[in-house]
Amino acid sequence: MTEHRILAKNSVDGILAAQNMEFVAEANGLGVLLSGYFTTAANASRKIKKELGIPKTKKAATTMVLGYPKVNYQRSAQREGPDVTYL
């Protein structure tokens with residue numbers, strides 16, 4: 001397993017970096033899951049932070065789970081146009 005960390009001065013920059021990583025991963029055939037549950041658990045647990053190498057003074061901004069999906073959809077779900085009234 002390869003481990004990667006995104007370090008940023010604030011969580012917004014970290015989340016934006018993760019978003020760009022998500023775009024690149026999906027463009028290369030990987031599936032991406034953003035796990036808010038694990039992010040919350042990591043920030044609440046000293047054991048998890050220690051295992052991940054996150055300093056005590058820092059917090060995880062987001063958690064990304066990457067993998068190759070077993071199912072590939074050939075097209076996205078059909079959607080109806082928005083019901084918008086312009087004033």
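## Glutamate 22, a charge without a partner

In this predicted model, where local features need pLDDT of at least 70, side-chain atom pairs count only at pLDDT 80 or more, and totals for chains, interfaces and linings use all residues, glutamate 22 is buried (under 20% relative accessible area, with exposed meaning over 50% and partly exposed in between, for a 1.4 Å probe and protein chains only).

Glutamate 22 is placed in helix H1, which covers residues 11-27; helices (H or I, at least four residues) and strands (E, at least two) are DSSP runs, numbered from the N terminus. Leaving aside residues up to four places away in sequence, glutamate 22 touches Val32, Leu34 and Met64, a contact being heavy atoms within 4.5 Å. Residues are numbered from 1 along each chain as its sequence is written, and side-chain values use heavy atoms, with hydrogens and water left out.

Asparagine 28 sits in the loop between H1 and strand S1 (31-34) and is exposed, at a relative accessible area of 55%. Between asparagine 28 and tyrosine 68, 40 residues apart in sequence, the C-alpha to C-alpha distance is 9.7 Å.

## The chain as a whole

The protein chain holds 3 helices and 2 strands, which run α-β-α-α-β from the N terminus on. Its radius of gyration is 17 Å, well over the 12 Å that the globule rule gives for 87 residues, so the chain is more spread out than a compact globule; the radius is taken over C-alpha atoms, and the rule is 2.2 Å times the number of residues to the power 0.38. Of the 87 residues, 13% count as buried, while residues 24 or more positions apart account for 57% of the contacts with a separation of 6 or more.

## The annotated span

An unreviewed UniProt entry places the feature "domain: Nitroreductase" at residues 14-68; such annotations may be inferred rather than shown by experiment, and the positions follow the numbering used here, with feature names shortened. In the model, this span is 55% helix and 15% strand, and its end C-alpha atoms lie 24 Å apart.

Definitions and conventions
Lys, Arg positive; Asp, Glu negative; His and termini not counted. Salt bridge = Lys/Arg side-chain N within 4 Å of Asp/Glu carboxyl O.
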